[in-house]
Amino acid sequence: MLILGLQGSPRKKGNTNFLLSSFLKAAEHRGAVTNAVQVVERNILPCKEYVVCEKKGYCPIDDDMASEIYGLLRQAEVVVLASPIFFYNMTSQLKALVDRCQTFWARKYRLKLSDPLKATRRGYLLSVGATQGKNLFEGLQLTAKYFFDAIDARYEGSLVYRGIEGSKDLAQHPTVQEEIEQAVAALVTPFASRKKVLFLCRQNAGRSQMAGAFAQHLAAERLDVATGGSQPADKLNPDMVSAMAEKKIDLAFRTPQGIEAALANGRPDAIVTMGCGDECPAVPGALHQEWDVPDPSGQSVEGMRQVRDEIESRVKQLIPLLCG
Ligand SMILES: Cc1cc2nc3c(=O)[nH]c(=O)nc-3n(C[C@H](O)[C@H](O)[C@H](O)COP(=O)(O)O)c2cc1C
C-alpha cells in the first residue's frame with residue numbers, strides 16, 4: 001500500500017515536517033510504502049477557474065499537478081495532509097494543490113466517474129498551531145473534509161497540536177511519538193491482513209490495468225492489488241480508458257509500470273498473467289493463473305469491450321478464491 005504525505009509547511013525543518021516524517025516512518029515500520037511530497041518545492045499554480053475540468057475532466061495547466069501529483073493521489077491508498085495553521089487554515093501552497101483537485105471533484109460529481117480505489121482510500125490530517133483556542137483547527141478540518149471527499153478518501157482522523165510555535169517545539173512534546181504510533185497502528189492494521197494480487201501483461205496499458213481496476217472496484221478494501229508489464233508502455237491505451245469509462249470506472253492519471261515496480265508492493269499471494277509468457281516471473285508459493293485473453297490494442301471498440309467484459313467476469317470469479 002502507498003501512503004502519500006503532502007507536507008505543506010515552508011519550514012522544512014519545522015514542526016509539520018517533523019510530524020509527517022515521524023508518521024510516515026511509523027507506517028514504514030508496519031510495512032507501508034511511503035512518499036512525502038514537499039509541496040513548497042513543487043511548481044503548483046493556483047486554480048485559474050478555466051472550468052475545463054468541469055466539462056472535460058482534466059486541467060489544462062501544465063505543471064507538477066499534471067506531471068506528478070494527480071497520479072500520486074490516484075495511486076495512494078492513504079493520503080496524509082499535513083499543514084501548520086496559517087490564519088486558521090492550511091498554507092497557501094497546500095491550498096493551491098487542494099484547489100487544483102477540483103479536477104477530481106468534476107470527474108466524480110459532473111462526469112459521474114468512479115475511482116477504483118474509492119472504497120479503500122483513507123485521508124488523515126496532521127497539523128500544528130501556535131495558539132490555544134478551541135476553534136484553532138476548525139477551518140482546516142472543514143477544508144480537509146471536502147478535499148478528502150473530492151479525492152475519494154474517507155476522512156479517518158487527525159492529530160493536531162496547539163501551542164507549537166518554535167521550529168523544534170513539537171519534537172519536544174512529551175506524548176507526540178506515542179500518539180503517532182497509536183494513530184498509525186489504527187490506520188494501517190486493517191490493511192495488513194489483505195491478500196495481495198498481481199496482474200501482469202506485456203505493456204501494462206490494457207489488460208492488466210483493466211483487471212487491476214475491476215479487482216479494486218469489486219473487492220474494495222479486501223484486496224491489495226498491483227499491476228505491471230514486462231515491457232511497460234509510455235501511457236495507457238486511451239481506448240481502454242474509454243471502455244472502462246463506459247462502465248463508470250475512472251482510470252485517468254494511471255501510468256504503466258514495470259514488473260519490478262509492481263513487486264515493490266510485496267510478495268503477491270496470487271499472480272494473474274495475460275500474454276507475457278516467460279517474460280513474467282513465477283513466484284514460488286503464489287497461486288498462478290494464466291488468462292487466455294486477447295491483446296485488445298489495435299482492435300475495434302467492440303473488440304475492446306469484449307476483452308473488458310471477459311476480464312470483468314474472470315475477476316469476479318477470482319475474488320471469492322482470494323477473499324473467501
Ligand atoms: C503566515 C502565518 C500565519 C499563522 N497563522 C496562525 C494562526 O492563525 N493561528 C495560530 O495559532 N498560529 C498561526 N501561525 C503559527 C504557526 O502555525 C506555528 O508557528 C507553527 O508551529 C508553524 O509550523 P511549522 O514549523 O511546521 O511551519 C502562523 C504562522 C505564520 C507564518
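Hi everyone, let's start in the middle of this predicted model. Its largest nonpolar core has 33 residues, and those with the most contacts inside it are Leu6, Leu73, Leu81, Leu97, Phe147 and Ile151. Two or more residues each come from β1 (2-7), α3 (64-75), β3 (78-84), α4 (92-100) and α6 (138-150). The biggest giver is α3, with five residues.

Take Phe147 as a way in. Which residues does phenylalanine 147 touch, leaving aside its neighbours within four places in sequence? They are Leu6, Leu73, Val79, Leu81, Leu97, Val98 and Cys101. There is also a second, separate core, this one of 29 residues, and it includes Cys201, Ile249, Trp291 and Leu318. As a general reminder, nonpolar side chains in soluble globular proteins tend to be buried together.

Now, on to helix α5. This helix covers residues 102-110, and threonine 103 sits in it. Is threonine 103 buried or exposed? It counts as buried, because its relative accessible area is 1%, and the cut-off for buried is under 20%. Its side chain makes a polar contact with the side chain of tyrosine 70, at 3.2 Å. Beyond neighbours within four places in sequence, threonine 103 is in contact with Cys53, Gly57, Tyr58, Cys59, Tyr70 and Phe253.

Lysine 112 follows α5, and its phi is positive, near 60 degrees.

Technical notes:
Residues numbered from 1 in each chain as written. Predicted model: local features only at pLDDT ≥ 70, side-chain atom pairs only at ≥ 80, totals over all residues. Heavy atoms only, no water. Core = buried A, V, L, I, M, F, W, Y, C linked by side-chain atoms within 4.5 Å. Buried < 20%, exposed > 50% of the residue type's maximum accessible area, 1.4 Å probe, protein only. Helix = DSSP H or I, 4+ residues; strand = E, 2+ residues; numbered from the N terminus. Contact = heavy atoms within 4.5 Å. Polar contact = N/O pair within 3.5 Å; in protein donor to acceptor, adjacent residues only side chain to side chain.
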